[in-house]
Amino acid sequence: MHLATFPHDDIYQLVREPIDMAALTRQIRAPGDGAIVTFDGFVRNQSHNRPTLYLDYEAYESMALAKMREIGIQLHEKYRIHRVAMVHRLGRLEIGETSVFIAVSAPHRAAAFDACRFAIDTLKRTVPIWKKEYFADGAVWADGELPSAPAATSRAKPAS
């Protein structure tokens, strides 16, 4: 498990075990808060009209945590919130298991709702985590994409 705490006692994690949503929600709750909004993304039993058996998540872990922290910084800049918990699971996940959990605490519900929506939308778009979907007749990376390899350092060819 990688754990990073950041400003405001925010929580950013990549884990290989089930996500403890209740514990995370308790950790970001404070007396000055009036709302916590959560997002629980979990594995469904079908994708593209095909029955799904299970999923496997991979990440460029150091970059994923850095991007998650960047999202947290943006949340604090854009919305009047208190704390954030953002956790993504890696490895094999069965149907019904939580793959991503986000919780945002704030004095008022509107900021918490807006920040939570921004967090999941931005995470899905920018954080280097890849999902492989397994079906009875094979597997495919989500959206047909393979994880990109880290950029290789190219050596200059001698002039001929």
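The legends below describe close-up views of a predicted model.

**View A. The largest nonpolar core of the predicted model.** This core comprises 31 residues, and M68, L75, I81, M86, I102, L123 and I129 are those with the most contacts inside it. Two or more residues come from each of the strands β2 (10-15), β5 (50-59), β6 (83-89) and β8 (98-106), and likewise from the helices α2 (61-78) and α3 (109-126). The greatest contribution is that of α3, which gives 8 residues.

View B. When neighbours within four places in sequence are left aside, the contacts of M86 are I11, Y12, Q13, M68, I71, F101, I102, A119 and L123. A separate nonpolar core, the second, holds 9 residues, including V15, L24, A85 and V87.

**View C. The second largest pocket.** The volume of this pocket is about 230 Å³. Its lining consists of 17 residues, among which F42, R44, Y57, K124 and K131 lie nearest the centre. At least two lining residues are supplied by each of β3 (35-42), β4 (46-47), β5, β8, α3 and β9 (129-135). Sorted by class, the lining has 7 nonpolar, 6 polar and 4 charged residues.

**View D. The salt bridge between R16 and E61.** The whole structure contains 8 salt bridges. In one of them, the side chains of R16 and E61 meet with an N to O distance of 3.2 Å. This pair links distant parts of the chain, since R16 lies in the loop between β2 and α1 (21-28) and E61 in helix α2, 45 residues apart. R16 counts as exposed because its relative accessibility is 51%, the cut-off for this class being over 50%.

**View E. The salt bridge between K67 and E70.** The closest N and O atoms of K67 and E70 are 3.8 Å apart in this salt bridge. Because the two residues are 3 positions apart in helix α2, about one helical turn separates K67 from E70.

**View F. The salt bridge between K131 and E133.** The side chains of K131 and E133 form a salt bridge, with an N to O distance of 3.9 Å. E133 has a relative accessible area of 5% and is therefore buried, as the cut-off for that class is under 20%.

Key: Residues are numbered from 1 along each chain as its sequence is written. This is a predicted model: local features need pLDDT of at least 70, side-chain atom pairs count only at pLDDT 80 or more; totals for chains, interfaces and linings use all residues. Side-chain values use heavy atoms; hydrogens and water are left out. A nonpolar core is a set of buried Ala, Val, Leu, Ile, Met, Phe, Trp, Tyr and Cys residues joined through side-chain atoms within 4.5 Å. Buried means under 20% relative accessible area, exposed over 50%, partly exposed in between (1.4 Å probe, protein chains only). Helices (H or I, at least four residues) and strands (E, at least two) are DSSP runs, numbered from the N terminus. Contact means heavy atoms within 4.5 Å. On a 1 Å grid over the protein atoms alone, a cavity is a set of points where a 1.4 Å probe fits but cannot get out, and a pocket is an open set with protein on both sides within 12 Å along at least five of seven lines; lining residues have an atom within 4 Å of a point. Grid points are joined across faces, edges and corners, and a volume is the space filled by probe spheres set on the points. Ala, Val, Leu, Ile, Met, Phe, Trp, Tyr, Cys and Pro count as nonpolar, Asp, Glu, Lys and Arg as charged, and the others, Gly among them, as polar. A salt bridge is a side-chain nitrogen of Lys or Arg within 4 Å of a carboxyl oxygen of Asp or Glu.
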